[in-house]
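Please have the sequence and the structure at hand.

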Amino acid sequence: MTTTPSRPGLTALSGLAVWLGLLVWFSFWMGRQSYRWLPVQASSAAPLVDGLFSFETAVATFVFSGVVSVMAWVILFNRAAKYDVSDAAPIEGNLRLEIIWTVIPLVLVMAIAAYTIDVNRQIGLIGPMEHVHGGPEPAAADGSSPAFEIEVISRQWSWEFRYPAAGVTSTELHLPLERRVGLQLRSEDVIHGFYVPAFRLKQQVIPGRVIPFFITPTRLGRYRLRDSEYSGTWFAANQVDVVVQSEDDYQSWLRRAAKLPLQPGLSDASREYALQQGRSTSSGYATVVPAPPPMVNVPGSNTLPHDG
Amino acid sequence: MTITPFDPGIGELPSPQPQAPNGWKRYFSFNTDAKVIGIQYIATALIFLLVGGLLAMIMRGELITPEADLVDRTVYNGLYTMHGTIMLFLFMFPVLNGLNNLLIPCMIGAPDMAFPRLNAAAFWLVPVFGVILMASFLVPGGPAASGWWSYPPVSLQNPLGHLINGEALWIVAVALSGVSSIMGALNFVTTILRMRAPGMTLFRMPIFCWTALSAQVIQLIGLPALTGGAVMLLFDLVVGTSFYRPEGGGDPVLYQHFFWFYSHPAVYVIILPVFGVFSELFPVYARKPLFGYKFVAAASLVIVGLSLVVWVHHMFPSGVPQWMRDLFMVTTMLIAVPTGIKVFAWLATLWGGKIRLNTPMLFALGGLFNFVFAGVTGIMLATVPVDIHVNNTYFVVGHFHYVIYGAATMGVYAAIYHWFPKFTGRMYYEGLGKLHFLLTFIGTNLNFFPMHPLGLMGMPRRVSSYDPEFAFWNVIASLGAFLLGVSIIPFLLNLVSSLVRGERAPANPWNAIGLEWLLPSPPPTENFEDHVPTVISGPYGYGTGLPLVENQEAYERSLQQV
């Protein structure tokens, strides 16, 4: 792409080659950096998602910096002189060039799509994307543990986790390390979003449906579960912790929890609502009244430091 | 060319002067002149831009600290809902319809729109539903607070149980906006297809007309789905049907399909005319023909086709089967191809040109910069696993604000400055314009870039409070938002002072090619009246020396006598 029909000189071509080399290096560097912009990887899906994101960051960096380079070049070197009102060379198009810049993006995006479909398949094998619609629920593999170990119930505005086999209820999600856990997601009112950034997983919880969902945690720690689908007044406060423990710790937590008496679970919404009711004046609009906090064995905590 | 005694007399036609006695009154009347309606649209839209921007600044004030401490959570939810609704339905669509009204008839040599009364009626619906929407702040219970998507069941919760509530008024307003847009779309499509000057074949039309045609076809196809979906939502809300209520056997996800079937293409309704503006401005200020005109024109139609089959990419986490995720990811990725054709065509147009960096060109270049950034994050969002992570986070908010503000609104500013002399007869002030550009460009990037790292870290959108680890980038974003608020001041100052005492504009201040530049500034009521020129060449003959119309010299001579 030169201004004149004459062949570009050797200096111009080598300059272009050096610049493209720099852009490629910069794009690779950005791709590597991209891992640092994401939360810690705490599920089997996370490395796959992050790998794809890193690849996309590199491609995006190359495209964006390439376009910006051309814009910077023309702004710096193709400016009209102060009193020059004449026109530039009337180049109206170039069929070969236009075919090239149609085909290259086509090949590029289809390559990204193929990579993505492959990642979809892998994540689907490992976990959550294979949930069925109205189909039969997958049976337990060996009969030792039920296919769905945990029931997740979302409300305006609290999360309740039931472990039916162990007879435990909680407002803090405990999961065993390195084991594929089946969850059943339900909502009692509106659509909520089950989102654990450290797991890179998200699923709308739709009232009237029971949604099967699978997670394989891969890192010990305490993470945040955030409601990701706007659910009304205290949507922003509808967040709880997820604790990933070793299998032994998890089992002993279940045993200890089963013996604890029931008490009100965590619900920041209920707490804030009660505070507001105590005041004489209201500074807000009408709101849906928060559901009472669920009665649970383990309320858990909402204020401990978390890893992601 | 040969000397011809022909005089089109275009210079002698009386120009309506806005400052003539009682002239301003026509802007407050049911006037059927497309140029009056265009200015009515743009002025109304700019007023609502201020309202929507004010709401945004209150939101960013709330988000400058992690706790919900500036306004009540219910108020925040109402603010963000109304911010989105106002910016889309009362700023973006009206301002683009304003540009359509001003530009389409002049660019194709038509005296007016095909259905002038329908045109005026479509405009006057805007203040009507604008008032309805604003009134919802005053009804008991407050305005709608379920986001501009208004997903059921949360939108069907009516805490006070009143029949007249914020949500019901919101639905009525959105439905009226849809009716107005359909009326406008009928008008624009008919005008472009039936009222072009002799010799102006489809492939001699300016790209702005191609993009306007494409955008308005989307309106005609997509809006009935949204309007139907909204009427069912209204029935669920006020008369107790259960189209979307799960307890009555309805399906809330059905609404998501209706909503996104229109509301994704709606993004193309917004961005396509802005592509048109870029395609008009780059040739003028680079003094070169648009590179690959036919490819750019056809790319708009390809975008229309694809835009109608991508809506499920908004619903990847909604519980859709794997095949649907794969299919809609591929269609979404394909849109990058026609869009890329346009971007490369613009770059090739600029390449080797004689670039003049005045205010409209700066806004167009800044808009292109932001658009390419939004484009590459859009590809990331199209890929399902990455979308699953960042869906409904600030990453998405950052992405679409780069599109809607960074590219579309900056493109609208570019258009307003570029055609301001034509339709007001006055020159704007270049210094204030450049200041406006600088503040807007810095403010946009300061405001919307930090949203990307926030989303990647996992901060959900629509929150009124957040965990402390998100504070740093939120402070930067808020400062950017306040800077954007400041950037409006030189813009308004420029508009008002130029209108009052700006230098008189010549017919063609930019030495641009196009039928609108063969009219006096401002153009007469019926544009060319009985002297419609015959078009004899393509729209961007910069450097070719080819005249655009027969007897072009006579038209230019006549204009110089004004």
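How much area is buried between chain B and chain A? About 8,200 Å² is buried between them, and carbon and sulfur atoms give 67% of this area. Buried area is the accessible area (1.4 Å probe) that two parts lose on being put together, summed over both.

The model is predicted: local features need pLDDT of at least 70, side-chain atom pairs count only at pLDDT 80 or more, and totals for chains, interfaces and linings use all residues. Residues are numbered from 1 along each chain as its sequence is written, chains are lettered from A and ligands numbered from 1 in the order in which they are written, and side-chain values use heavy atoms, with hydrogens and water left out.

Contact (heavy atoms within 4.5 Å) involves 98 residues of chain B and 93 residues of chain A. Eight salt bridges cross the interface, a salt bridge being a side-chain nitrogen of Lys or Arg within 4 Å of a carboxyl oxygen of Asp or Glu. One joins Asp87(A) and Arg287(B), at 2.9 Å from N to O.

Now the cysteines. With a disulfide taken as a pair of cysteine sulfur atoms within 2.5 Å, the count over all chains is zero. Cys106(B) is in no disulfide.

| Residue | Relative accessible area |
|---|---|
| Cys106(B) | 0% |
| Cys209(B) | 0% |

How values were computed. Buried < 20%, exposed > 50% of the residue type's maximum accessible area, 1.4 Å probe, protein only.
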